[in-house]
Amino acid sequence: MPELRTVATHCPYCALQCGTQLTRERRGTTVRPTDFPVNRGGLCQKGWTAPTLLDVPDRLRHPLVRRDGELVAVDWDTALRTVADGLRDTAAAHGPDAVGVFGGGGLTNEKAYLLGKFARLALGTSQVDYNGRFCMSSAAAAGNAAFGVDRGLPFPVTDLRGADVVLLAGANPAETMPPLMQHLRSAQLVVVDPRRTATAERAALHLQPAPGTDLALVLGLLHIAVVEGWTDGDYIAARTTGFQEAWQRATTWWPERVERVTGVPVAAQRRAVRMLAEARSAYVLTGRGAEQHSKGTDTVAGFINLALALGLPGRPGRGYGCLTGQGNGQGGREHGQKADQLPGYRSITDPAAREHVAGVWGVPPEALPGPGRSAYELLDALGTPDGPRALLVFGSNPVVSAPNAAHVTERLSTLDLLVVADFVPSETAQLADVVLPVTQWAEEDGTMTNLEGRVLRRRRLRVPPGHARSDLEVLHGLAVRLGQPGHRFPTGPREVFDELRRASAGGRADYAGISYERLDAGEALHWPCPDAAHPGTPRLFLDSFAHPDGRARFAPVEHREPAEVPQGVFPLTATTGRVLAQYQSGAQTRRVDELTAAASEAFVEIHPDTAVRAGLTDGALARVTSPRGSALARVRVVATMRTDTVFLPFHFPGAGRANLLTGDALDPRSRMPEFKVSAVRVEPAREE
Ligand code: SF4
């Protein structure tokens, strides 16, 4: 294929998927933002520096196989044969579930789809899940329960431009997706966050609850809304069910009790509800801060309850939404790389769904395995008697991004075979037995689905360097070597997408009417889009919700404590999160000099009083210790931090991994780990 000089595509990083134009010039590749609706000419620092990612010095160019402890370059046939032989031997000796697959929320729709199909058909394993489980699974579970379908934002981002008031619960878009902030310019912001984040700095009202108490807070906000008569009775009666049960759980959360539990003053609670209730146009948006808890699903459900009580979801100029994080966090959860799902956002235990997808794949429904382990449970089971003994990792770096990271790293090291497909030698790739070099964003065609459920075209600018191949080609090569007919695993993105459309037809996320032709013609297509004449669905729920009776469901939720509370030798709470210049595990952004210069090492934010008590000064090295282990981080003394809380970003490797501190408590419904609350102590560390 001849190389193009300029293409319209999208940023490789977060779920906003800002529109960009890439140009290949003699001296390298340049990027400029386009007037795409979500970014309207804006990009953040990560987007501006994305071309640097294409030519990082340690870009993987050859397949690597470990021999005598060293990763050595081999040809593709040797690498794929090594992997296929290892997978076949493992499955023959221990059964198909002895092989696991771990995917990623940054993979294109085509890759996510083919990876799920590969796991279920070529490997016959149920053990497939992906890192999106760590990202938005609580919001997905709560959204599906409340509305009958989960789409991050059930309305276009641009609708927020008309908002008077937006409540952001555990979301920090000023740092994680800055171009989004232009759409919030006219809104008064109510920010719920234990940290005074960049977004909280711009808020009209900042509620700063203790980590792990957001659910108590939002039960209290519902209490105030009801007692003050600020709920929308007509909407509740006409469009919802379950209000009484939800309200009963909130009755004892009177404002003074909420203040005692959360630390948020009564007046601030009352003001927040009044602002939302009196606004002509109001939205409630959740992010990872509300979701990454062992009660994340219930916490998000609490915010949805509040939004429903105020009559927001499914009405023009109002709504509830989740700000999805990863680039294809939305599409990644729709096409079947999740342990409990098949393409079309269908349940893998639904007989009709199994029959439909099996029909598209040309196999009997019995050929499809059942549900497997969720992401952390899969990693935790590696190398155990009934867990996977071989693992394929595509587009993920769990050594840094998984909770309880030392334990996960130890589990990975027990495998008979670890295979990592990536374009850089991530920390997980460095442990692998086989490393498969794959293409990255500007070297491939495909589609992504952004946080609004809008399907976007990723376009290829250049050929990949060295011997890197697309993930689709890798899956095809492995499938054929495992005895599958080659046509079952196409290598062309358009071909894969057309099959994905058929597999999704009639499902909750229906892509049947979305085609490369329509996208290339400039149509903005949000799913569901069931046929070629359908205009797509930018706004969901305007007439009815997706439950059979058309009504949204309140959820009767109870507050409970985090799995771990600060006490004794661990008197503080550590909470983890992101910074502007880094993305996810940092495997990509830590290789971009401009970004590393802006955020180069692990740090811990701590209140001045807490720092004094711990014997720490600004810039010193601290050891942060939880019951799992210790992380080293540079001290940042921050007056706006709560005195009982410290914050660490999770992008950094080695001894600075914030996830050395986080634990294995999971939300019972979404299986989301509790990234946001770990009991810790902080003390001075010796500089090496
Ligand atoms: Fe890329 Fe997200 Fe930044 Fe936009 S906001 S430039 S999509 S990282």
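Strands S19 and S20 (residues 454-458) pair in the antiparallel sense over 4 bridges, where pairing requires at least two bridges found by DSSP between two strands. Strands (E, at least two residues) and helices (H or I, at least four) are DSSP runs numbered from the N terminus. The model is predicted: local features need pLDDT of at least 70 and side-chain atom pairs count only at pLDDT 80 or more, whereas totals for chains, interfaces and linings use all residues. Residue numbers start from 1 along each chain as its sequence is written.

Within this pair, Gly446 lies opposite Arg458 of S20. An open sheet of 3 strands is formed in the order S19-S20-S21, with antiparallel pairing. S19 (446-449) and S21 (525-526) are the edge strands, each with a single partner strand, so one side of each has no neighbour in the sheet.

The domain assignment, from an automatic or database source, gives domain 1 (6-55), domain 2 (64-134 + 328-526), domain 3 (137-323) and domain 4 (572-684). The centres of domain 3 and domain 4, taken over C-alpha atoms, are separated by 26 Å. In total, 21 residues of domain 3 are in contact with 23 residues of domain 4, contact being defined by C-beta atoms, placed from the backbone, within 7 Å. Helices H4 (137-147), H5 (173-176), H12 (288-291) and H13 (296-309) each supply at least two residues of the side of domain 3 that touches domain 4. The largest share of that side, 4 residues, comes from H4.

Leaving aside neighbours within four places in sequence, Val624 is in contact with residues including Val604, Leu648 and Val682.

Technical notes. Contact = placed C-beta atoms within 7 Å.
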